[in-house]
Amino acid sequence: MGTEAPGLQEGFYPTTEDIDKWMSTAFDMAKDALENGEVPVGCLMVHDDRVVGKGRNEVNETKNATRHAEMVALDQVLAWCRRADVDPRGVCASTVLYVTVEPCVMCAAALRLLNIRMVVYGCGNERFGGCGSVLDVSAAELPHSGKPFKCVAGYRAEEAVEMLKNFYRQENPNAPKPKIRKD
């Protein structure tokens, strides 16, 4: 058994080796997103050392603003739970989400509602972050909205930021054409 990740204790938490392994896969997914014209975010949901959901951003591809990497992964987890006839909240209570960029407020709220145990992420999300950068959905006192979850931030953050910069330097072919105002 490996060592416990820094800052983590009590009960079930991933080891440093687990974090390295799963985040490496999340970064591969983020690279795939970048190569396909998407904001480079990739994530995995790991339950009992098994990937039960994975996703990369699909917003531009689907033209659906809600198709963030976490939402794609959550859809897979929900489908897995239906097939296995198990309660998603119970599964998520022992699931860790690994993602290259801090979940936005929408994704953090969905994770909280489904009772996710822990999120490990790369860089912060200064515009939309739901795990402390803008709002702290993960830890806030929010009655009737699931349990707070633990966050481990900053894993390979510089690499995640560089991938985002690479995306924003290129032209987005899926962006709407600007409308010319006629006066």
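Select T95 to begin: leaving out residues up to four places away in sequence, T95 touches M45, V46, H47, I116, R117 and M118, where a contact means heavy atoms within 4.5 Å. What you have open is a predicted model, in which local features need pLDDT of at least 70 and side-chain atom pairs count only at pLDDT 80 or more, while totals for chains, interfaces and linings use all residues. Residues are numbered from 1 along each chain as its sequence is written, and side-chain values use heavy atoms, with hydrogens and water left out.

**Strand β3 and T95**

T95 is found in strand β3; helices (H or I, at least four residues) and strands (E, at least two) are DSSP runs, numbered from the N terminus. T95 is buried, with a relative accessible area of 1%, and here buried means under 20% relative accessible area, exposed over 50%, and partly exposed in between, computed with a 1.4 Å probe and protein chains only. Now show the side chain of H47, which makes a polar contact of 3.5 Å with the side chain of T95. A polar contact is a pair of N or O atoms within 3.5 Å; within protein, one must be able to donate a hydrogen and the other to accept it, and residues adjacent in sequence count only if both atoms are side-chain atoms.

**The whole chain**

Zoom out and colour by secondary structure: the protein chain has 6 helices and 5 strands, and read along the sequence they follow the pattern α-β-β-α-α-α-β-α-β-β-α. Of the 183 residues in the protein chain, 46% are buried. Among contacts between residues at least 6 apart in sequence, 59% join residues at least 24 apart.

**Strand β1 and G42**

Next select G42, which is found in strand β1 and is buried, with a relative accessible area of 0%. Beyond its neighbours up to four places away in sequence, G42 touches A26, M29, A30, G55, R56, A69, Y98, V99 and T100. A distance drawn from the C-alpha of G42 to that of V72, 30 residues apart along the chain, comes to 9.9 Å.

**The loop at N57**

N57 lies in the loop between β2 (50–56) and α2 (59–62), and at 7% relative accessibility N57 counts as buried. Which residues does N57 touch, not counting those up to four places away in sequence? They are A33, E38, V39, V41, R67, H68 and A69. For one of these, V39, display the backbone oxygen, which lies 3.4 Å from a polar atom of the side chain of N57.

**Helix α5**

Select residues 105–113, helix α5, whose buried residues are C107, A108, A110, L111 and R112. What covers these buried residues includes β1 (42–47), α3 (69–84), β3 (95–101) and β4 (118–123). Following α5 you reach N115, whose phi is positive, near 75°.

**S138 and the cysteines**

Follow the chain into the loop between β4 and β5 (150–152), where S138 is found. S138 is buried, with a relative accessible area of 3%, and a polar contact of 2.4 Å joins the side chains of S138 and D136. Leaving aside neighbours within four places in sequence, S138 is in contact with R112, G130, C131, P148, F149 and C151.

A search of the whole structure finds 0 disulfides, a disulfide being a pair of cysteine sulfur atoms within 2.5 Å. C131 is in no disulfide, and the nearest cysteine sulfur, that of C151, is 3.7 Å away. C131 is buried, with a relative accessible area of 8%, and C123 is also buried, at 4%.

**Rings to finish**

Lastly, select F167 and Y168, which form an edge-to-face aromatic pair, 4.9 Å centre to centre with 85° between the planes. Rings of Phe, Tyr and Trp (its six-membered ring) pair if their centres lie within 6.5 Å, and planes under 30 degrees apart count as stacked, over 60 as edge-to-face and the rest as tilted. F167 is buried, with a relative accessible area of 5%, whereas Y168 is exposed, at 55%.
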